[in-house]
Amino acid sequence: MKEKIRTELEGIDIRFDEPLNAYTYTKVGGPVDYLAFPRNRYEIVRIVEFANREGINWMVLGNSSNIIVRDGGIRGFVIRMDKLNSVMVSGYTIEAEAGANLIETTRVALHHSLTGFEFACGIPGSVGGAVFMNAGAYGGEIAHILVSAQVLSPSGHMLTLDARELRFGYRSSILQENGAIVLSAKFALKPGNHMTIQQEMDRLTHLRQLKQPLEYPSCGSVFKRPVGHFAGQLIMEAGLKGYRVGGVEVSQKHAGFMVNVDNGTAKDYENLIADVIQKVEENSGIKLEREVRILGDF
């Protein structure tokens, strides 16, 4: 199959049996059979059409900031959008390709004195991943500013979906159900004062640095916010700050995060998540729901 891929997908940057721990924020994850870095939408379509024709599984990963890849890795194709990263401004609208860095996109908005994107100034990840997850922070979320997204259906057809069609919910979208790939997204912002926008971004960045364990590898916020509660508070009340499985522990700085402090594995992450869910439910009666996605083989 490798030779067939080299022949039929010639010219596309494809790496074979590539360890994913070099690409994930957790620094864990086994090898993927075929890791592809398409340069444009045409190359994405070629990969998807080839994989569908050959019966090979495929998936897209953004910046891998809110996922855990299991130690057995992923079979088939993983498509990374890193090279599709253009950001364009037209009036009060920003259109960004899926691989554009979300934080850098908020800085483009700042440069043009456009307000509405400040909430995302500290969210790691890609624009495509942010749309997929309806990423949010500090009272804002992607659904509040997104106009439309161009997507590629699992069968290889390009479609433009407006915000309503994306059926956004809390950390969710229709894309999590229908398997479509985000190619680009269009955001509607408003004119603002450059200094005011800068001050708000500085304030949110400072809050994030104070509260979040940025000094260690992690997968970001592990659990969704339970209605009427905060996951980190429930975990802390269960006495789990600093609780460790293998090389992964509940952050001493923010109990809603799990950090890789000593060469932890994906299995350590999964076992720690399971322990925390069980112990929090025993302590509070509330069952935490995972926000982080877990992918791949054991």
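## Cores, helix packing and salt bridges

Ile142 touches Phe117, Phe119, Ala130, Val131, Asn134, Ala135, Phe168 and Phe187, leaving out residues up to four places away in sequence; contact here means heavy atoms within 4.5 Å. This is a predicted model, where local features need pLDDT of at least 70, side-chain atom pairs count only at pLDDT 80 or more, and totals for chains, interfaces and linings use all residues. Residues are numbered from 1 along each chain as its sequence is written, and side-chain values use heavy atoms, with hydrogens and water left out.

Let's start with the surroundings of Ile142. Ile142 belongs to the largest nonpolar core, which has 54 residues. A nonpolar core is a set of buried Ala, Val, Leu, Ile, Met, Phe, Trp, Tyr and Cys residues joined through side-chain atoms within 4.5 Å. Buried means under 20% relative accessible area, exposed over 50%, and partly exposed in between, with a 1.4 Å probe and protein chains only. The residues with the most contacts inside this core are Ile14, Phe77, Phe117, Val131, Ile142 and Phe187. Helix 2 (residues 41–54) supplies the largest share of the core, six residues. Helices (H or I, at least four residues) and strands (E, at least two) are DSSP runs, numbered from the N terminus. There is also a second, separate core of 25 residues, and Val28, Ile68, Val222 and Phe223 are among its members.

Leu175 is found in helix 5 (residues 175–178) and counts as buried at 1% relative accessibility. Beyond four places in sequence, Leu175 touches Val131, Phe132, Val151, Leu166, Ala180 and Val182.

From Ala98 to Val182 the separation is 84 residues in sequence and 6.0 Å in space, C-alpha to C-alpha.

Setting aside neighbours within four places in sequence, Glu249 is in contact with Gly242, Tyr243, Arg244, Phe257, Met258, Val259, Val261 and Leu272.

### Helix 3 against helix 6

How do helix 3 and helix 6 run relative to each other? The axes of helix 3 (residues 102–111) and helix 6 (residues 194–211) come within 9 Å and cross at roughly 155°. Axes are lines fitted to C-alpha atoms, for helices over the stretch in contact, and angles run from 0 to 180 degrees between N-to-C directions. The two helices are therefore roughly antiparallel; angles under 35 degrees count as roughly parallel, over 145 as roughly antiparallel, 65 to 115 as roughly perpendicular and the rest as oblique. On the helix 3 side the contact is made by Thr106, Arg107, Leu110 and His111, and on the helix 6 side by His194, Ile197, Gln198 and Met201. By class, this contact has three nonpolar, four polar and one charged residues.

### Salt bridges

Side chains of opposite charge can pair when their charged atoms come close. The structure holds 19 salt bridges, each a side-chain nitrogen of Lys or Arg within 4 Å of a carboxyl oxygen of Asp or Glu. Here are three of them, with N to O distances.

| Pair | Distance |
|---|---|
| Asp17 and Lys2 | 2.7 Å |
| Glu8 and Arg53 | 2.6 Å |
| Glu104 and Arg107 | 2.6 Å |

Asp17 in strand 1 (residues 13–19) and Lys2 in helix 1 (residues 2–8) are 15 residues apart, and their pair links distant parts of the chain. Asp17 is partly exposed at 43% relative accessible area, and Lys2 is partly exposed at 33%.

Glu8 lies in helix 1 and Arg53 in helix 2, so this pair ties together parts that are 45 residues apart in sequence. Glu8 is partly exposed at 34%, whereas Arg53 counts as exposed at 52%.

Glu104 and Arg107 both lie in helix 3, three residues apart, about one turn of the helix. Glu104 has a relative accessible area of 42% and Arg107 one of 44%. Elsewhere, Asp13, Arg15 and Lys83 are linked in a network of salt bridges.

Conventions:
Nonpolar A, V, L, I, M, F, W, Y, C, P; charged D, E, K, R; others polar.
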